[in-house]
Amino acid sequence: MSGRWLPGAVILLYFILGGVQIAQRPGLQYDEALLVAGAVHMRHSPADFPLPHSEHTWACALGRCLPLMAEIPYVGAIKEYLAVPIFAAVGPSVVAIRVLSLLLGSIGIWGLMRFATVMAGEWVAWGVGLALAINPAYVDMTVFDNNALAGMMAGLGLLFAALARYLSSTRGGSTVEAFLVGFAAGFAIWTRANLLWTLAAMAVAAVLVYRGLILKRPLMHWIAAAAGGIAGGLPFLVYQIKSGFATWQAVGGLMDPSPMGERLFLRLVLFAETLVCDREHRAMWGSVEMGDLMRWVPLSIVLVACVVCFSKPFARFASLCFLVLTAILFATPLQLAEHHLIVVLPFAVLVVVLAAALVAGRYPRLRIACIGAGAVYLGVCLYWQVLAVRGLHETGGVGMWSNSVTQLTGDIERNYPNQLIKIVDWGLQDNLYVLSDGRIQSREIFWGATPQQSGLGRSWKDEIRFGGVFVAAGAENRHEPPTGTYFMQALAAERPVVRQNLTVAQKSGVTYAEIFDVEPNSVQSAAAVEQRGVGSISMGDPASESSIGGFHKIENGAWRWTQQNFFVMLAAPSAIGGVPWLELNLYLPDGLTRKLGPLTLSARVGTHTLKPERYEHDGPFTYSRALEKGWLEGGGTRIDFSLDKVQAPTLVDKRALGIIVKDVSIRMR
């Protein structure tokens with residue numbers, strides 16, 4: 001029976017598994033957007049790229065600027081070029097970007113299957129392709145492509161396919177086919193520079209196993225392969241010449257300072273997990289720990305398979321590719337993560353399938369054991385695939401993967417069109433730019449920031465005084481440098497007039513990001529704020545905008561809906577005697593508790609947590625709690641509230657709705 005249909009079936013299965021995860025719509029991560037941001041710009045302008053990018057990554061000639069690299073000096077711009085026609089047809093979207101990644105990932109599977117078919121037969125190729133297509137780490141790393149792995153796997157797949165064509169030729173390979181091998185290798189290096197490690201490992205393995213055959217290759221084939229390498233990697237070479245070999249300079253700045261023993265142990269753990277399901281992408285939906293059995297057994301099987309594979313030339317070549325590449329990755333002093341280690345996975349899969357084929361062929365009685373091991377592997381893969389789909393569906397993505405970035409994009413476009421947005425934290429600029437199709441113009445002010453000044457070189461007081469629209473990540477989503485913390489501290493200290501404060505929450509209710517519209521030149525002294533201080537806020541008063549956050553717009557001139565997390569700024573009453581009491585007058589509309597169940601309202605004054613209150617039926621209520629005078633600041637105190645659940649957005653009303661608030665105050669009793 002012909003197996004010609006098998007590659008298509010394997011790739012279809014990969015599409016289905018990846019497509020189900022895409023359908024859960026986690027948010028577009030910053031680096032994932034960075035790889036296609038240039039495509040958005042190329043659609044609209046021939047000028048140089050407006051967002052921050054490494055020098056010389058774009059080249060300009062004849063009135064048109066085009067990318068050589070994707071904003072950073074070691075990743076090629078392949079996805080930016082491929083995304084241009086897709087964005088022209090359907091516009092930039094999370095789904096479109098990930099379908100492109102899915103297509104690139106499928107080329108990696110196809111190329112490896114072509115290579116395995118020529119070197120070991122169709123059924124080995126089928127086993128290799130199937131094992132890679134269902135592997136959770138491969139699916140997640142290529143589909144949610146925040147580290148250029150999809151393009152890299154496409155480059156590696158094209159190299160495998162070119163090698164298969166060259167080696168399967170009845171004439172022993174032609175000059176044109178040798179050129180294509182070189183071209184694919186050069187192209188692969190352009191997709192991501194650290195693929196050089198993989199090519200080096202393959203070259204070492206080939207010399208050790210096929211030295212005699214290599215020496216018999218015609219000189220013209222070597223010349224053609226070198227010419228192909230130059231042609232395939234031309235953008236990469238041009239960039240190196242223009243930038244003074246900036247890739248190597250950038251790599252030199254990525255050294256891992258940790259002790260060797262600690263570094264090797266961590267890499268071993270990450271390496272073992274990446275053979276099944278990497279923790280880098282498990283964190284997308286709330287990391288689930290991997291048990292020791294599931295972590296170490298697959299690695300042990302791969303190592304045993306390497307020993308088995310030394311009995312046959314091609315199997316020995318695959319085993320040496322795996323071992324040499326692994327040794328390079330473990331020995332390098334550079335910083336490594338799962339997205340570097342994942343490149344070993346295709347060789348690990350190839351080694352295990354070849355070993356199974358050798359064992360089953362030599363010992364027929366062990367075929368059932370090999371099939372059983374394959375069935376266990378299938379079960380493990382499906383287990384993690386199900387966990388990923390369920391986790392993404394329930395959370396909508398966590399932290400920098402949260403789908404709240406889509407709401408944040410809409411809020412900015414709707415409320416602050418044509419305004420320059422100041423980005424306070426890493427993880428927001430490129431995805432906002434891509435999802436808005438380039439309409440959101442922003443500036444990152446965290447690079448080089450210190451506790452004393454922003455990345456623009458201004459003191460934080462002057463930054464606040466200058467005003468404008470600031471976007472900061474939520475407290476649980478801040479990254480290094482912790483500029484968001486510096487900004488929030490300065491905002492609290494300077495007490496400007498905040499015309500609008502919008503909070504965007506994740507599906508869990510944790511704040512994803514906040515938008516602060518700060519009125520220029522509105523910084524006031526503590527005495528002035530205290531004199532102006534508000535001891536009572538009516539939600540029907542438009543002036544309350546500067547003292548609240550996490551509320552929707554005024555309705556019926558008298559009240560507001562809250563979000564899941566909201567806050568007010570209240571000044572302490574001037575009366576000397578008595579105890580200050582917080583009073584929040586709220587209303588649960590008819591049917592709310594029937595729909596959501598009992599609601600719990602929690603509150604916090606600074607670091608002091610107040611007793612929560614549980615509401616089991618609808619109607620008007622007053623949340624009332626005694627405060628201590630020492631908790632209240634003279635110029636105004638921030639009081640944070642949180643609900644355990646809210647009404648989810650609907651097609652009619654796209655807001656997440658909590659409770660209705662009429663007014664809030666601090667009164668002396």
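**A friendly note on this predicted model**

1. Let's start with I223, which is partly exposed because its relative accessible area is 43% (buried means under 20%, exposed over 50%, partly exposed in between, with a 1.4 Å probe and protein chains only). I223 lies in helix α11, residues 219–232 (helices are DSSP runs of H or I with at least four residues, strands are runs of E with at least two, both numbered from the N terminus). The C-alpha atoms of I223 and G182 are separated by 9.4 Å, although these residues are 41 apart along the chain.

2. A word on ground rules: this is a predicted model, where local features need pLDDT of at least 70, side-chain atom pairs count only at pLDDT 80 or more, and totals for chains, interfaces and linings use all residues. Residues are numbered from 1 along each chain as its sequence is written, and side-chain values use heavy atoms, leaving out hydrogens and water.

3. M220 is also found in helix α11, and it counts as partly exposed at 49% relative accessibility.

4. Now look at helix α14, residues 260–274. Its 15 residues should span 21 Å at 1.5 Å a residue, and its end C-alpha atoms are 21 Å apart, which agrees (the expected span is 1.5 Å times one less than the number of residues). Its buried residues include R263, R267 and F271.

5. Strand β12, residues 599–605, is mostly covered, with 5 of its 7 residues buried. It pairs in the antiparallel sense with β13 (608–615) over 6 bridges and with β15 (637–643) over 5 bridges (pairing needs at least two DSSP bridges). V605 stands opposite H608 in β13, while R604 stands opposite D640 in β15.
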